[in-house]
Amino acid sequence: MVNADVQNVLGKSDKEIFDTQDAQKIQIADKVTVLNAKVSTSERILTMKDGTLKTVLATKGPLIDKQNNVFGVFGISRDITNQKEYEHFLEESKEKFYNLSHIDKVTNLPNRLHISEILVQMCSQEAPFCLVLIDLDEFKIVNDSYGHRFGDKLLFEVSKVLMEVFDSSAFLARMGGDEFGIIVSSSDKEELDVLMQKLHSKFSNPFKIDMIDVYITASSGICIYPDDAQNMEEIYQAADTAMYNAKKFGKNNFSFYSAEFKNEAVAYTQMVTNLKQAIQKSELELYFQPQNDVHTGKIIGVEALLRWKHKDAMIPPDIFIPLAEKSGLIIEIGDFVLKSGFEKAKSWQERGILTSRLSINISARQLTHLDFIVTLKNMLQESGCEASWIELEITESSVLENPELVISLLEQIRELGFSISMDDFGTGYSSLSYLKNLPIDKLKIDRSFIVNIQDEPKNQIIVKTVIFLAKELGIHILAEGVETEEEHTFLLQNRIDSIQGYYYSKPLPNDEFEIKLFNREASL
Ligand code: C2E
Ligand code: CA
Ligand code: CA
């Protein structure tokens with residue numbers, strides 16, 4: 001009997017206690033007990049006479065006389081309604097807690113913890129599968145320019161695209177930041193190749209967020225279990241390495257893991273560690289190369305070019321600058337270049353050696369870093385250098401990545417008194433027409449157009465057009481990498497303003513350069 005209220009049940013039959021239908025069911029069950037002559041325990045939800053529901057744990061058994069005949073049924077019932085409710089509450093709380101710790105709030109996708117648990121589980125089974133890691137290219141710029149809420153909306157839209165491409169058998173997760181992880185139950189490279197192409201083609205369309213069209217691409221790395229890696233950590237590592245390999249090929253690419261990457265990854269990590277120490281160990285040093293007036297040969301500017309002397313070897317900037325950009329070290333290294341450059345400019349100006357500007361290269365990542373303008377202001381103050389002694393060189397590609405943001409930054413930089421030159425012009429595949437919108441003072445035509453220009457009719461047309469346009473817009477025009485008399489003559493005849501190249505001087509270390517500067521200044 002139900003123990004809730006003894007008075008309500010004592011001396012009463014099932015019909016008087018329970019709802020008629022349930023009372024009948026109990027009677028049938030009792031008959032079964034008589035027939036089977038066995039003790040059994042079961043949990044039932046019963047409706048009471050007053051309509052309330054009770055969960056009851058009932059043990060029923062046959063009453064047997066000395067001759068082994070069944071003459072009745074005994075029953076012990078316990079009201080376990082409260083216990084059941086508590087168990088249910090516990091289950092629900094567990095589920096809520098599980099969701100909180102396993103689901104990403106921005107995308108509603110499982111999070112890193114969740115996918116990691118699944119990966120561990122899958123590694124304990126034999127079946128092959130693959131992990132795809134997807135990293136959005138330049139997501140930080142979107143976040144920095146439009147704010148975090150906007151960035152979150154974009155992540156949500158990206159998660160929808162992933163759900164479109166991968167069917168419900170795939171396990172999708174947001175790993176954190178701008179990274180997604182997907183477990184696909186296939187190890188067939190051809191099949192995966194098709195899937196990945198489909199995914200990356202989706203990124204050629206813009207995402208519409210708050211009425212704004214945002215173009216964003218992604219880089220993906222794929223690791224196949226058990227061929228490429230055997231446990232969760234190795235899988236993450238391999239997929240990550242493959243993803244970085246994809247980034248090397250430019251944006252919106254994907255790459256399968258290859259064992260060769262491992263050696264490269266070790267070498268990469270080693271080089272990043274070395275580069276990190278390079279500043280403290282004073283292995284970084286600025287070299288200087290003059291920019292000369294094409295008619296008089298007079299120095300109209302000097303470019304500071306960074307050198308890394310590591311264990312008696314000279315590592316070229318074309319190698320370590322991209323490495324610094326990728327690893328984020330460019331901010332620290334860029335600060336070193338700015339600081340050393342500002343100090344040098346001040347010293348040269350005060351000693352009367354240089355009357356024009358010192359050019360300092362600024363990488364895209366450095367320019368769009370949140371603190372860049374503040375850093376410039378602080379460094380001017382700390383070094384005592386004047387902004388009018390410095391020119392900042394930015395590349396065409398850093399403008400193209402985010403024109404609106406970069407133009408606004410360049411305007412602020414100019415307001416501080418710096419002048420701006422556009423480096424490597426012609427390599428960024430940009431349209432000439434956007435030049436008029438850029439707040440720049442100098443255009444540097446890339447060396448690739450200048451090499452043997454006297455024999456390259458197509459390059460001649462490009463260079464002549466760019467010179468013409470720069471003159472129209474009132475921008476100073478310089479040719480980079482001029483080495484020979486022929487190149488010099490062609491550029492002189494076509495009204496270039498100035499030249500930077502081995503024709504006048506290679507980049508030189510400070511002491512040599514100062515001697516050269518003194519001499520040249522003295523001879524003019
Ligand atoms: P860049 O800014 O285009 O610098 C010009 C490069 O052309 C320099 O290479 C210079 O040595 C080289 N060069 C100049 N004249 C000639 C010539 O007549 N013939 C040839 N063949 N080359 C010439 P460098 O010093 O190896 O620097 C390579 C690149 O590394 C630079 O290209 C620049 O993009 C980057 N870089 C150098 N220093 C820094 C720095 O402090 N910060 C940043 N962000 N990037 C830097
Ligand atoms: Ca430069
Ligand atoms: Ca250049």
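Let me start with one residue: Asn252 is partly exposed, with a relative accessible area of 21%. Some terms first. Buried means under 20% relative accessible area, exposed means over 50%, and partly exposed is in between, using a 1.4 Å probe and protein chains only.

Now the ground rules. This is a predicted model, where local features need pLDDT of at least 70, side-chain atom pairs count only at pLDDT 80 or more, and totals for chains, interfaces and linings use all residues. Residues are numbered from 1 along each chain as its sequence is written, chains are lettered from A and ligands numbered from 1 in the order in which they are written, and side-chain values use heavy atoms, with hydrogens and water left out.

Back to Asn252. It sits in the loop between helix 9 and strand 10 (254-256). Helices (H or I, at least four residues) and strands (E, at least two) are DSSP runs, numbered from the N terminus. What is the phi of Asn252? It is near 60°, a positive value in a residue other than glycine. Keep the general rule in mind: most residues other than glycine have a negative phi, and most peptide bonds are trans.

Lys311 also has a positive phi, near 45°. Lys311 lies in the loop between strand 12 (299-310) and strand 13 (313-315). Is Lys311 buried or exposed? Exposed, because its relative accessibility is 68%.

Next, a peptide bond. The one from Tyr225 to Pro226 is cis, with omega near 5°. Pro226 is in the loop between strand 9 and helix 9 (232-248).

On to the metals. Donors are N, O and S atoms within 2.8 Å of the metal (3.2 Å for Na, K and Ca); water is not among the atoms, so sites may look incomplete.

Take the calcium ion (ligand 2). Which residues are its protein donors? They are Glu303 (OE), Asn361 (OD1), Glu393 (OE) and Asp423 (OD), at 2.1 to 2.3 Å from the ion. Their spacing in sequence reads E-x57-N-x31-E-x29-D. Distant parts of the chain are linked here: Glu393 is in strand 15 (residues 390-395) and Asp423 is in strand 16 (residues 419-425), 30 residues apart. Glu393 and Asp423 are both buried.

Now the calcium ion (ligand 3). Asp423 (OD), Asp424 (OD), Glu480 (OE) and Glu480 (OE) coordinate this ion, at 2.1 to 2.5 Å. The donor spacing is D-D-x55-E. Again, distant parts of the chain are linked: Asp424 in strand 16 and Glu480 in strand 18 (residues 476-480), 56 residues apart. Asp424 is partly exposed, at 26% relative accessible area. Glu480, at 11%, counts as buried.

How far apart are the calcium ion (ligand 2) and the calcium ion (ligand 3)? They are 4.1 Å apart, and Asp423 coordinates both.

Now two helices. Helix 7 (residues 148-165) and helix 8 (residues 189-202) have axes that come within 10 Å and cross at roughly 145°. Axes are lines fitted to C-alpha atoms, for helices over the stretch in contact, and angles run from 0 to 180 degrees between N-to-C directions. Who makes the contact? Helix 7 gives Val161, Leu162, Glu164 and Val165, while helix 8 gives Leu195, Lys198, Leu199 and Lys202. Ile216 is in the loop between strand 8 (212-214) and strand 9 (218-225). Its relative accessibility is 3%, so Ile216 counts as buried. Leaving out residues up to four places away in sequence, Ile216 touches Leu136, Asp137, Glu138, Phe139, Val142, Leu154, Phe203 and Phe207.

Ser498 is in strand 19 (residues 498-500). Ser498 is buried, with a relative accessible area of 0%. Among the residues that Ser498 touches are Asn292, Ile300 and His476.

Last, the cysteines. How many disulfides does the structure hold? The count is 0, where a disulfide is a pair of cysteine sulfur atoms within 2.5 Å. For Cys123, the nearest cysteine sulfur is that of Cys223, 8.8 Å away. Cys123 is buried, at 16% relative accessible area.

Notes:
Contact means heavy atoms within 4.5 Å.
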